[in-house]
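These are my notebook entries on a structure that I am reading for the reader who meets it here. I go from one topic to the next and write down what I looked up.

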Amino acid sequence: MINRIAVFCGSSGGKDPIYAREAKNLMQHFIQRNIGLVYGGGKVGLMGVLAEEMLKNHGEVQGVIPEKLMGWELGHTGITKLHIVKNMHDRKAMMADLSDAFIAMPGGIGTLEEFIEVFTWLQLDYHRKPCAIYNPNNYFDKFMDFFEHMIEEGFLSKKIASTLIIEHDPETLLDKIYEFSMVK
């Protein structure tokens, strides 16, 4: 059962407005399927877009933000539940505990770091939750090329790489997340 999905994405909006449009589009699919959002707790960038779209449509939004970032006044205080934690390690652990699946959207190094950690946990069998990449505007194509390079060089197994869901279409993405969760 998929009740909540963690979405890792940028605290910036990026250069192309397509990223904000697709963040809203993904949240519309969450609403249609009655899926709650777990995210980094910010009110800026794509994080803020996700939260605002969910709130506008009366969806559940749980944010997890470290004290330091809250102190920078970056936390979204108008969401369903804002969890303020000590540090980034606690943030990632709580987001993982609150979520039934994980999605990476366009973002920077923090987005990649948080997503790769939960994907590594799947590889190491610390959880059996779906890990997916939502790839609007082919944002992650070069990243996926690097995954292929890791496979070619013998540092990543094809079996593990094949568990990663990658999609351009949010409906197909969520369908595949549901399929994966049924197999676990």
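How many nonpolar, polar and charged residues does the lining of the largest pocket have, by class? I looked this up and found 10 nonpolar, seven polar and three charged residues in that lining. The classes put Ala, Val, Leu, Ile, Met, Phe, Trp, Tyr, Cys and Pro under nonpolar, Asp, Glu, Lys and Arg under charged, and the others, Gly among them, under polar.

Entry on the model. I note that this is a predicted model, in which local features need pLDDT of at least 70 and side-chain atom pairs count only at pLDDT 80 or more, while totals for chains, interfaces and linings use all residues. Residues are numbered from 1 along each chain as its sequence is written, and side-chain values use heavy atoms, with hydrogens and water left out.

Entry on the pocket. The largest pocket holds about 330 Å³ of space, and of the 20 residues that line it, C9, S11, M47, L69 and R91 are the closest to its centre. The elements that give two or more residues to this lining are β1, α4 (88-98) and α5 (109-123), and α5 gives the most, with five residues. A pocket here is an open set of points on a 1 Å grid over the protein atoms alone, where a 1.4 Å probe fits, with protein on both sides within 12 Å along at least five of seven lines; lining residues have an atom within 4 Å of a point. The volume is the space filled by probe spheres set on the points, which are joined across faces, edges and corners.

Entry on the strands. Helices (H or I, at least four residues) and strands (E, at least two) are DSSP runs numbered from the N terminus, and two strands pair if DSSP finds at least two bridges between them. I began with β1 (residues 4-8), where four of the five residues are buried; buried means under 20% relative accessible area, exposed over 50%, and partly exposed in between, with a 1.4 Å probe and protein chains only. β1 pairs in the parallel sense with β2 (residues 36-39) over three bridges, and R4 has G36 as its bridge partner in β2. β1 also pairs in the parallel sense with β5 (residues 101-104), over four bridges, where I5 stands opposite A101 and A6 has F102 as its bridge partner.

I then followed β5 to β6 (residues 131-134), and these two strands pair in the parallel sense over three bridges, with A132 in β6 as the bridge partner of I103. The chain crosses from β5 through α5 to β6 in a right-handed β-α-β crossover, and β1, helix α1 (residues 18-32) and β2 make a right-handed β-α-β unit as well. Right-handed means that, with the strands pointing away from the viewer, the path from the first strand over the helix to the second runs clockwise.

In a regular strand the side chains alternate between the two faces of the sheet.

Entry on the rings. Rings of Phe, Tyr and Trp (its six-membered ring) pair if their centres lie within 6.5 Å, and planes under 30 degrees apart count as stacked, over 60 as edge-to-face and the rest as tilted. By this rule I find seven aromatic pairs. Y139 and F140 form an edge-to-face pair, because their ring centres are 5.0 Å apart and their planes stand at 90°. Y139 is partly exposed at 36% relative accessibility, whereas F140 is buried at 3%. Ring pairs link Y19, F115, F119, Y139, F140, F143 and F147 into a cluster.

Entry on backbone angles. Most residues other than glycine have a negative phi. Which value does the phi of N34 have? I read a positive value, near 60°, for N34, which is found in the loop between α1 and β2 and counts as exposed at 68% relative accessibility. H58 has a positive phi of about 65° although it is not a glycine; H58 is placed in the loop between α2 (45-56) and β3 (61-66) and is exposed at 77%.
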